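Here is a short briefing to read with the model open beside you. Take it topic by topic, and look up each residue as you go.

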Amino acid sequence: SVHVYLTKMPMLGRCCDTRVATLTSLKEATICAPVDPDIPIVVIPLDVEPTFLALGPLHLSVGFNNTAWFYAVDHADGGVVQVCNQEYLGSVQELHINGEYAAALFDGKVLLHTISPDPSVSENRQSRLFPERSGTGKIVHHNLTN
C-alpha cells in the first residue's frame, strides 16, 4: 500500500474590518472576529482546494486557477449560502471584493464585476475589463475600497 502525507499546507488568509478568513484545512475556510467575541465563528466547507481567497464585508470568495466561488456570509447567525461562481479569462493571481464588486487580476488585466449579477443593472455596470485598450500597459497590483 502507498501512504501519502501532507507535509505543508498553503497559508491562505485575508482580513476585512475586524474579521479574518483563513484556510483551516484543504477544503475548509473559517471566518472569525478575534476582537469581537459576540460574532460567531463561521466554518465553510469548500468544494475545491483553493489557491486564492478573498474576504469582503458580506462575502467570502475562494478560487482555483481561473474560477472563483462566492459565498454570502451572515455574520449575525453564521449562515452561509453559495451565491455564484465566476470564470475568468486566465489564472487568477489576486482577488479582492467589497460589498458589491469583485476585482480579479490575471494576465496583467483586472476584471471588475458585480458579485451577484442583477438583471436590472445595465451591462456596462455589471463588468468592466482594465486596461480598456490592449497594449496600454500591464497591471501588476490592484485593490478595492468599500
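## Strands and sheets

Strand 6 and strand 7 run antiparallel and are joined by six bridges. The model is a predicted one, in which local features need pLDDT of at least 70 and side-chain atom pairs count only at pLDDT 80 or more, while totals for chains, interfaces and linings use all residues. Residues are numbered from 1 along each chain as its sequence is written, and side-chain values use heavy atoms, with hydrogens and water left out.

Strands (E, at least two residues) are DSSP runs, numbered from the N terminus, and two strands pair if DSSP finds at least two bridges between them.

- An open sheet is formed by four strands in the order 5-6-7-8, with antiparallel pairing.
- Its edge strands are strand 5 and strand 8 (79–87), each of which pairs on one side only.
- From one strand to the next, the twist averages 20°.
- Within this region, leucine 60 stands opposite tyrosine 71 in strand 7.
- Asparagine 65 sits in the loop between strand 6 and strand 7. Its phi is near 60°, a positive value in a residue other than glycine.
- With a relative accessible area of 40%, asparagine 65 is partly exposed. Here buried means under 20% relative accessible area, exposed over 50%, and partly exposed in between (1.4 Å probe, protein chains only).

- Strand 10 (residues 101–106) and strand 11 (residues 109–114) run antiparallel and are joined by six bridges. Alanine 104 stands opposite leucine 111 in strand 11.
- The loop between strand 10 and strand 11 holds aspartate 107, which has a positive phi of about 50° although it is not a glycine. Aspartate 107 counts as exposed, at 52% relative accessibility.
- Proline 131 lies in the segment after strand 12, and a cis peptide bond with omega of about -10° joins phenylalanine 130 to proline 131.

**Strands 3 and 4**

- Strand 3 and strand 4 pair in the antiparallel sense over four bridges, and valine 42 in strand 4 is the bridge partner of isoleucine 31.

## Cores and contacts

- In soluble globular proteins, nonpolar side chains tend to be buried together.
- A nonpolar core is a set of buried Ala, Val, Leu, Ile, Met, Phe, Trp, Tyr and Cys residues joined through side-chain atoms within 4.5 Å.
- The largest nonpolar core has 17 residues, and those with the most contacts inside it are Ile31, Ile44, Leu46, Leu53, Leu60 and Val62.
- Elements that give two or more residues to this core include strand 2 (19–25), strand 3 (28–32) and strand 4 (42–45). Strand 7 gives the most, with three residues.
- A second, separate core of 14 residues includes Phe70, Ile97, Leu111 and Ile115.
- Leaving aside neighbours within four places in sequence, valine 62 is in contact with Leu46, Pro50, Phe52, Leu53, Thr67, Ala68, Trp69 and Tyr71. Contact means heavy atoms within 4.5 Å.
- Leucine 105 is found in strand 10 and counts as buried, at 3% relative accessibility.
- Beyond its neighbours within four places in sequence, leucine 105 has contacts that include Ser91, Val92, Val110 and Ile139.
- The C-alpha atoms of leucine 105 and valine 140 are separated by 7.9 Å, with the two residues 35 apart along the chain.

Terms used:
Axes fitted to C-alpha atoms, helices over the stretch in contact; angles between N-to-C directions.
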